[in-house]
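Please look over the sequence and the structure first, then read the points below.

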Amino acid sequence: MGSGCGTTSRPTLVPSAPRLGQLITLRGAGFTASAPVRLLLAAGPAVTTPLAGGCTLYIDPTAFLDTAAGSTSATGQWQLETPVPGDPAAVGATLTAQL
């Protein structure tokens, strides 16, 4: 979603299909090579907040989690596997992520 910020490429962030009690994989491509990654997560659908320099924040700026998430590879790829809770109350929930 959206264009890259501070880059001429169009980075992508694609999740695998989430399943209760299983791992979900987030894959990123088109990023700067060997760069640190910050993962931003927020409950709920994407919202757009314009930032300086033509950048856009796609998560709720009032309630989000910001965490260091390693670095991109030498080819600008990134991947993270993390468990999805096994709680049935999570079915239908929306989580927005941005790198």
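The model is predicted. The points below cover the chain as a whole and then turn to Thr 96.

Strands and overall shape
- The chain contains 8 strands and 0 helices.
- In sequence order, the pattern reads β-β-β-β-β-β-β-β.
- The chain is as compact as a globular protein of its length, because its radius of gyration is 14 Å, close to the 13 Å given by the globule rule for 99 residues.
- The C-alpha trace spans about 40 × 30 × 20 Å along its principal axes.

Burial, surface and contacts
- Of the 99 residues in the chain, 25% are buried.
- Among contacts with a separation of 6 or more, 69% are between residues 24 or more positions apart.

Thr 96
- Thr 96 is part of strand β8, which covers residues 95-98.
- The relative accessible area of Thr 96 is 9%, so this residue counts as buried, the cut-off being under 20%.
- At 2.5 Å, the side chain of Thr 96 reaches the backbone oxygen of Gly 44.
- Leaving aside residues up to four places away in sequence, Thr 96 touches Leu 40, Leu 41, Ala 42, Gly 44, Pro 45, Ala 46, Tyr 58 and Ile 59.

Notes
Residues numbered from 1 in each chain as written. Predicted model: local features only at pLDDT ≥ 70, side-chain atom pairs only at ≥ 80, totals over all residues. Heavy atoms only, no water. Helix = DSSP H or I, 4+ residues; strand = E, 2+ residues; numbered from the N terminus. Rg over C-alpha atoms; globule rule 2.2 N^0.38 Å. Buried < 20%, exposed > 50% of the residue type's maximum accessible area, 1.4 Å probe, protein only. Contact = heavy atoms within 4.5 Å. Polar contact = N/O pair within 3.5 Å; in protein donor to acceptor, adjacent residues only side chain to side chain.
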